[in-house]
Amino acid sequence: MRRLIDISVPLQAGIASDPPGLLPEIDYYTHADTAADVVSFFPGASVDDLPDREGWAVEWVRMTTHSGTHLDAPYHYSATMDGGVRAITIDEVPLEWCLQPAVKLDFRHLPDGHVVTAAEVEAELDRIGHELRPLEIVVVNTAAGRRYGEDDYVSRGCGMGREATLYLLERGVRLTGTDAWSWDAPFVHTARRFAREHDPSIIWEGHRAGREIGYCHIEKLHNLESLPDSGFQISCFPVKVHAASAGWTRAVAIMDE
């Protein structure tokens, strides 16, 4: 018997799911709103000819490919991957990357803005007694997970640094995920650090690791607290948007019971 656990957020307008300028907008049209549109396809018909005078429910959505729970393609991070070859877009991501056994790293205790190191990843894997295998999906549970939709969501949680990301990729991981807005530390914290250090290498360092080894990651996961450390699979096939940097996904954890 299998148990399916939804680890995706709902795509919702009017909440703090993204920084200003990137928020999705959704217009909802009810059956009554669209009844005239339906009968316009059928000359001679009137709204009274429809059951209960109902048309169809439909929504108009304006959003980026990075709205809601989504899978980033290597092309999002750079024009190149794997040391110089053309970065693949979301419609080119190997499907086998998107359905694999998974492991969860629990970093909820780390402070907002903290940049996770390779040593911290290794220590967490030791704590849960897990040795990474190629193509396993690694998801990171941060303090941001419980704040989705709240005003501080975008600034909450730790982020994965270049060193930590490469630690995973060098062991064959090709798909990772986080319940935070970004795989990297929240920009507000990185901006403060940059103002102090003036080191450009810290900007988007976890993402930019894909220039060396191409990989995908899921952002805005949800409900990771309900998952065990290991012993489950994740399915996260992205919508096939032509030549795009990301695709929306209904990420689901699959557990055998």
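Predicted model: local features only at pLDDT ≥ 70, side-chain atom pairs only at ≥ 80, totals over all residues.
**Entry 1: the sheet**

I noted the terms: strands (E, at least two residues) and helices (H or I, at least four) are DSSP runs numbered from the N terminus, and two strands pair if DSSP finds at least two bridges between them.

Numbering starts from 1 along each chain as its sequence is written. Local features need pLDDT of at least 70, side-chain atom pairs count only at pLDDT 80 or more, totals for chains, interfaces and linings use all residues, and side-chain values use heavy atoms, without hydrogens and water.

**Entry 2**

I picked S4 (residues 70-72) and S12 (residues 216-219). They pair in the antiparallel sense over three bridges. Leucine 71 stands opposite isoleucine 218 in S12.

**Entry 2: salt bridges**

I searched the whole structure and found 17 salt bridges. The term means a side-chain nitrogen of Lys or Arg within 4 Å of a carboxyl oxygen of Asp or Glu.

I began with glutamate 257 and arginine 3, whose side chains meet at 2.5 Å, N to O. Glutamate 257 lies in the segment after strand S15 (252-256) and arginine 3 in strand S1, 254 residues apart. Are these two buried or exposed? Glutamate 257 is exposed at 55% relative accessibility, while arginine 3 is partly exposed at 36%. Here buried means under 20% relative accessible area, exposed over 50%, and partly exposed in between (1.4 Å probe, protein chains only).

Next I checked arginine 156 and aspartate 112, which form a salt bridge at 2.8 Å, N to O. Arginine 156 sits in the loop between strand S9 (137-141) and strand S10 (159-160), and aspartate 112 in the loop between strand S7 (99-106) and strand S8 (115-116), 44 residues apart. Arginine 156 is partly exposed at 21%, and so is aspartate 112 at 30%. I also found a network of salt bridges linking Asp112, Arg147, Asp152 and Arg156.

**Entry 3: a pair within a helix**

I ended with glutamate 197 and arginine 193, a salt bridge at 3.2 Å, N to O. They are separated by about one helical turn because they stand four residues apart in helix H5 (residues 187-197). Glutamate 197 is partly exposed at 41%. Arginine 193 is partly exposed at 25%.
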